[in-house]
Amino acid sequence: MEIKYLIKGIVIGFSIAAPVGPIGLLCINRSLTHGALAGLATGLGAATADAVYGCLAGFGLTVITGFLLDIKCLLHLAGGLFLIFLGRQTFKQAPPPRENANTPFQGYVSAYLSALALTLTNPMTIMAFMAIFAGLGLGVTDKGYAASATLVAGVFTGSALWWLILTFGTAIIGRHLKPGFQDSINRLTGIILISFGAWAVITLAIPAG
């Protein structure tokens with residue numbers, strides 16, 4: 001019967017990953033600039049963070065979850081500043097010369113870690129998992145450890161599946177783009193990422209209610 005929890009996890013992971021946000025933009029940009037594997041490394045970083053937060057929600061680790069929610073403003077600030085940094089780097093990024101098109105990308109680890117850090121500093125992710133797991137009665141106290149572990153594996157699989165589709169689809173489309181178009185994409189992506197980051201920081205200064 002564990003297969004049904006795997007399927008539920010896949011659906012949850014895919015649904016949480018699919019809305020296009022900062023990570024999606026980074027994934028698309030890196031897929032266009034450095035190829036599908038660079039974009040996939042970015043996506044897998046986000047999928048790992050989704051699995052981490054899925055563990056916290058699924059296994060009822062309330063102490064850790066409560067601590068993260070207590071420092072959500074700090075996480076929000078860190079995430080916003082990191083987005084501004086990534087946006088600035090992307091804006092200044094020059095497309096690889098065509099003669100170096102076959103040179104292997106060397107930044108897979110940094111692509112993975114940047115997406116992992118960015119997703120982990122988004123308090124909305126843990127809140128989304130808590131709400132979904134509680135609403136569907138999918139916590140460890142409801143279904144047991146084996147079911148929760150299967151569910152978390154499904155979350156990672158579903159999230160990774162979305163990033164796989166997005167990155168390779170983007171890379172295929174990118175092959176048909178004119179070389180000079182990449183510079184415009186980098187600048188536009190950088191501006192959007194900086195805007196996301198700036199808005200995250202600004203909202204912290206706006207009193208709630």
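Where is Thr121 found?

Modeller: Thr121 sits in the loop between helix H6 (108–120) and helix H7 (123–136). Helices here are DSSP runs of H or I with at least four residues, strands are E runs of at least two, and both are numbered from the N terminus. Before we zoom in: this is a predicted model, where local features need pLDDT of at least 70 and side-chain atom pairs count only at pLDDT 80 or more, while totals for chains, interfaces and linings use all residues. Residues are numbered from 1 along each chain as its sequence is written, and side-chain values use heavy atoms, with hydrogens and water left out.

Now the close look. Thr121 has 17% relative accessibility, so it counts as buried (under 20% relative accessible area; exposed is over 50%, partly exposed in between, with a 1.4 Å probe and protein chains only). Its side chain has a polar atom 3.0 Å from the backbone oxygen of Ala117, and the side chain also reaches the backbone oxygen of Leu118 at 3.0 Å. Looking past neighbours within four places in sequence, Thr121 is in contact (heavy atoms within 4.5 Å) with Leu75, His76, Ala78 and Gly79.

Zooming back out, the protein chain has ten helices and zero strands. Of its 209 residues, 41% are buried. And among its contacts with a separation of 6 or more, 90% come from residues 24 or more positions apart.

Technical notes. Polar contact = N/O pair within 3.5 Å; in protein donor to acceptor, adjacent residues only side chain to side chain.
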